[in-house]
Amino acid sequence: MNFDNRKTVALYSPSVPLKEHRIGYVKEGVKILESWGYRVINAAEENYDKWRVLRSKKERLNEIYSLLVNDDVDILMAT
């Protein structure tokens, strides 16, 4: 549970693989969100690596669902 009163944003990649320049945009967006006081989760290199490749619908839906049922997540944001 998030006790620091900051809203938590969880990122997910819903569709096509992200090209390298879009990963850069996501990283810049994370910096902006954090500078505004948000806590950002799911923004780690292993997720960027995962988002660079085409994944099955089942994998993508499982990712979204796991974030949706996470009580610590306040906001879901697509990359």
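Buried means under 20% relative accessible area, exposed means over 50%, and partly exposed lies in between, with a 1.4 Å probe and protein chains only. At 28% relative accessibility, Pro-17 therefore counts as partly exposed.

This is a predicted model: local features need pLDDT of at least 70, side-chain atom pairs count only at pLDDT 80 or more, and totals for chains, interfaces and linings use all residues. Residues are numbered from 1 along each chain as its sequence is written, and side-chain values use heavy atoms, leaving out hydrogens and water.

**Around Pro-17**

Pro-17 sits in the loop between S1 and H1. Helices (H or I, at least four residues) and strands (E, at least two) are DSSP runs, numbered from the N terminus. Contact means heavy atoms within 4.5 Å. Leaving aside neighbours within four places in sequence, Pro-17 is in contact with Arg-22, Trp-51, Arg-52, Val-53 and Leu-54. The C-alpha atoms of Pro-17 and Lys-50 are separated by 8.6 Å, and these residues are 33 apart along the chain.

**The sheet**

Three strands make an open sheet in the order S2-S1-S3, with parallel pairing. Strand S2 (39–41) and strand S3 (75–78) are the edge strands, and each pairs on one side only. Two strands pair if DSSP finds at least two bridges between them. Strand S1 (residues 8–12) and S2 pair in the parallel sense over three bridges. Val-9 stands opposite Val-40 in S2.

Helix H3 (residues 57–68) lies across S1 and S3 and runs at about 170 degrees to S1. Axes here are lines fitted to C-alpha atoms, for helices over the stretch in contact, and angles run from 0 to 180 degrees between N-to-C directions.

**The salt bridge**

A salt bridge is a side-chain nitrogen of Lys or Arg within 4 Å of a carboxyl oxygen of Asp or Glu. The whole structure holds one. Lys-31 forms a salt bridge with Glu-28, and the closest N and O atoms are 3.5 Å apart. Both residues lie in helix H1 (residues 20–35), three residues apart, about one turn of the helix.

**Accessibility of selected residues**

| Residue | Relative accessibility | Class |
|---|---|---|
| Lys-31 | 51% | exposed |
| Glu-28 | 45% | partly exposed |
| Val-69 | 43% | partly exposed |

Val-69 is found in the loop between H3 and S3.
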